[in-house]
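Student: I would like a close look at one part of this model, namely its aromatic side chains and what surrounds them. Could you take me through that part in one connected account?

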Amino acid sequence: MLNFTVGPVMFSDEVRAIGAEQVPYFRTPEFSKIMFENEQLVKKFAKAEADARVCFMTGSGTASMEAAVINIFTKKDNVLVIDGGSFSHRFVEILEIHEIPYTLIKPEFGCSVTENQLGSFEGKGYTGLLVNLNETSIGVLYDIKLISDFCKRNNIFLMVDSISSFLCDPFDMAELDVQVMITGSQKALACPPGISLIVLSEKAVERVYSNKSKTMYLDLKRALKDGERGQTPFTPAVGTLLQINQRLKEIATGGGVDKEVARVGNLAGYFRRKIKEHNLPFEIISKTLPNSVTPLSPASGKSAYDIFTVLKDEYQIWICPNGGSLKDKMFRVGHIGSLEEMDFDVLISAFQDMQKRGLL
Ligand SMILES: *Cc1c(COP(=O)(O)O)cnc(C)c1O
């Protein structure tokens, strides 16, 4: 199997080996030590300030999106949401359910939000901004510098879903004055699904403690408090946390986050060049591509979903299909996880073979 989806992705052999072992009991100093190490490395790779904290939530990325929103914002807030695709719709659903007032900013399809668009929300008293840094559903990376400057000028609390951009695209949490950054285990962390992470600035930690959120499992006050001794309030996905530890150390010994970002960027560049070189009949609609994924639309009008199915059933290659109205129009090729250039050569050959068979 060769997996080019955007999560779950391919694991390193060492991460896989941990998955084959027994899961240890976790209320121990040994496990706490691993959790402290996880927190330190995540903070380092997010370039968070020294007093930032990390909550490790057992639940997929959406659990942390909801936890972050309801522990930080209240009905007295009025937040902006950059609304470019299915992941921003998820933020909107969370805000709806918890009755937190919001306003949508809609970028043009395939584009980042512009200075002009943000300009009309300047000085209007908004208190927060939510953005999915890479809108994974269509492969659009937003201009985080522009968004960050807007938030700094307007004293707006900036919360970033980096679930598919952490470890893939350059990001400096402290410099950008991002207060909350969310990510998950099954994207570029290249581990099994089940853990999501919330990095909180010192200001965000204070806000969590001063808010009274109506939740038990997702209460970040509990997570922060237990985190002080390297523990979690409830039984976490222990095995996945051990695998995360392995993966974080692999990145550290491999040269750190900048090197990892460059590696993913190089793979993305390699694949995109090959598509052009071989004149494969795909269009790229996104004007601001992330490193983690390339969204491709069949130029022939052939169904994108059929291409996904043939690759899966006849070539044992997995790419990432789209859903909803984009099901037949777009699929995505991920560049995250344990992949190398030669893996992309295999995918390109499969595309060429399908082209010969009249299937592209
Ligand atoms: C994958 C992803 C999520 C999380 O989805 P889950 O299925 O809950 O893990 C959220 N936001 C973005 C941008 C993503 O890419």
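Tutor: Let me begin with the surface as a whole, keeping in mind that this is a predicted model. The accessible surface of the chain comes to about 15300 Å², and carbon and sulfur atoms account for 52% of that area. Of the 360 residues, 57% count as buried, and the secondary structure amounts to 12 helices and 15 strands. The radius of gyration is 20 Å, which agrees with the value near 21 Å that a compact globule of 360 residues would have. Along the principal axes, the C-alpha atoms fill a box of roughly 60 × 55 × 35 Å.

Turning to the aromatic rings, the structure holds 12 aromatic pairs. One of them is formed by Phe4 and Phe344, whose ring centres lie 4.9 Å apart with 55° between the planes, an arrangement that counts as tilted. This pair links distant parts of the chain, since Phe4 belongs to the loop between β1 (2-3) and α1 (13-19), whereas Phe344 belongs to helix α12 (residues 341-356), and the two are 340 residues apart. Phe4 counts as buried because its relative accessibility is 0%, where the cut-off is under 20%, and Phe344 is likewise buried, at 0% relative accessibility.

A second example is the pair of Tyr25 and Phe26, with ring centres 5.7 Å apart and planes at 50°, so this pair is tilted.

The charged end of Arg207 sits over the ring of Phe157, at 4.5 Å from the ring centre. In another such arrangement, Lys312 lies over the face of Trp318, with a distance of 5.8 Å to the centre of the ring.

Terms used
Residues are numbered from 1 along each chain as its sequence is written. This is a predicted model: local features need pLDDT of at least 70, side-chain atom pairs count only at pLDDT 80 or more; totals for chains, interfaces and linings use all residues. Side-chain values use heavy atoms; hydrogens and water are left out. Rings of Phe, Tyr and Trp (its six-membered ring) pair if their centres lie within 6.5 Å; planes under 30 degrees apart count as stacked, over 60 as edge-to-face and the rest as tilted. Helices (H or I, at least four residues) and strands (E, at least two) are DSSP runs, numbered from the N terminus. Buried means under 20% relative accessible area, exposed over 50%, partly exposed in between (1.4 Å probe, protein chains only). A charge sits over a ring if NZ of Lys or CZ of Arg is within 6 Å of the ring centre and within 35 degrees of the ring normal. The radius of gyration is taken over C-alpha atoms; the globule rule is 2.2 Å times the number of residues to the power 0.38. Accessible areas come from the Shrake-Rupley method with a 1.4 Å probe; for residues, only the protein chains shown count as cover.
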